[in-house]
Amino acid sequence: MSDNWLIIPIETKIRELYGKSLLAACAAEAGMQVILGDQRVISHSLHQLPRGLYVDKSISRTKIGHFRRLRRMGSSVVAWCEEGLAYRDKSAYQFERVDPQSMAEVDAFFAWGESQSQDVLEKLPEATGKMHVFGNPRFDFLNASMRSVFDDDVRKITSTYGRYVLVNTNFSRYNRFRGRDDVVDVLRARGILSSDEQKPYYQSVVEHLGEVFGYFAEAVPQLAARFPDTTFVVRPHPSENHDRWRSELAGHRNVVVNAEGNAIPWMLGAQAVIHNACTTGVESFLLDRPTIAYVPVVHETFNRLNYLPNAISRIARDLDALTEAVRCALAQDRPFDEAAAEKRKLVSEYVANASGESAAERIVGILATLNGQPKPSLWREKSARMLSLARFNAARARRALRPNEAMRAYLDQKFPSLTLGELQDVMQKIARARGRGPAPQVTSYAGLASCFLVRPASRAETSAGIPELSSAV
């Protein structure tokens, strides 16, 4: 691997921190040095980082320039797709998330399962040699051997809320943090919506999600009234406007809105999990929780009953069916889902690590075999780093002249901060669950906020091997 450095950015903290920390721990165990932290800081600091192997969460068209800059500085790129487990429309997924130029820049792509792999290769058959069907490290924590990582969190949640039902929402293209009106503009800016002919399709997506949002906003208070001794915890998607949910659900004694922390302990402690076409439905099922898909409106493209998160859940088409499903989960008076074994077979087609094999360890096995980019000439590397620094300074000047407080607040919601103590605690929990020896060493990395150096446990706690920032350009 190029200079034995691995760079792992995190975009959405509550979703990615544990999975990427596990990947970092496995990489450190294999002798690699890992930079792990806030994606914003890492992307703005490429001119300061060592040559290495960069792990990205996407191969969309928005990544082309970013990947090429990394390669010009002598780094290599590998990727997976965080949105690649369950997508409402295969054609839309292939168009929005699978770009041939981005894939051309990566040395390896890690698919969630055979289903996603087939869909990616259907569009990009030339990528066959780069495809590895391993699953995603964040799903490693759904396996029984790793769930103990969240024991303390589960105890804290249940001591606070007692018996509760978790309602996970997934309406980010309707209930956007910055409001509904900017959806089309955002898609156009990302190159997803490139013609007026596409606009009706995306508008219909938003309208459908808005209709389902309304049903959820009506159902939760009614469930709370029907089960007054149970708390209903609504957990909005990280990209949603959480305040809108608080406004919609205000005034109900046993309803709370809470999006703190990783979703897994919230699901582990719940008596039941309610969702609509959400990836958390898959997670909840694999955690052996009673999982209910509330599908008051069926759309043959956006929200099919055979769409994976719905298909492996107990379907409730109306409020009475939803009430009965919740009652059954709370009473535990009969099997909640007698078809669970068959559904687990279906999940295995979509999630390669659902069987218990660690995606993180398999990914590190591939990373260790990659030779990386040929080392660029000193002049080429220095010019690439100077260009990256110029881009960073220009972006900083634009932000100073035209501060976008709404965007900053949105990004802070997705990644508020990460402290050294917090990451060290995560690594200690992972080490105990794995039972492989001491946790890797974690130290702050070169003064970069929310960015850390993860090294093998046996390495002396010194700054040896860390590139000097002053000599990076």
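Predicted model: local features only at pLDDT ≥ 70, side-chain atom pairs only at ≥ 80, totals over all residues.
The account begins with strand β11, which spans residues 291–294. On one pairing, β11 runs parallel to strand β10 (residues 272–275), to which three bridges join it. Within this pairing, Thr291 of β11 lies opposite Val273. Strand β11 also pairs with strand β12 (residues 314–316), again in the parallel sense and over three bridges. Here Tyr294 has Ala316 in β12 as its bridge partner.

Helix α12 leads in turn to a helix pair. Two packed helices are described by the angle between their axes and the distance between the axes. For α12 and helix α15 (residues 340–350), the axes come within 11 Å and cross at roughly 125°. Because angles over 145 degrees count as roughly antiparallel and 65 to 115 as roughly perpendicular, α12 is therefore oblique to α15. The crossing of these two helices is left-handed. At the contact, α12 contributes Val282, Phe285 and Leu286, which meet Ala340, Lys343, Arg344 and Val347 of α15.

A separate element is helix α3, formed by residues 64–72. Its buried residues include Ile64, Phe67 and Leu70, as well as His66, Arg69 and Arg71. Just after α3, Gly74 adopts a positive phi of about 95°.

Conventions. Residues numbered from 1 in each chain as written. Heavy atoms only, no water. Buried < 20%, exposed > 50% of the residue type's maximum accessible area, 1.4 Å probe, protein only. Helix = DSSP H or I, 4+ residues; strand = E, 2+ residues; numbered from the N terminus. Pairing = 2+ DSSP bridges. Axes fitted to C-alpha atoms, helices over the stretch in contact; angles between N-to-C directions. Parallel < 35°, antiparallel > 145°, perpendicular 65-115°, else oblique. Left-handed = near helix turned anticlockwise from the far one by under 90°. Contact = heavy atoms within 4.5 Å.
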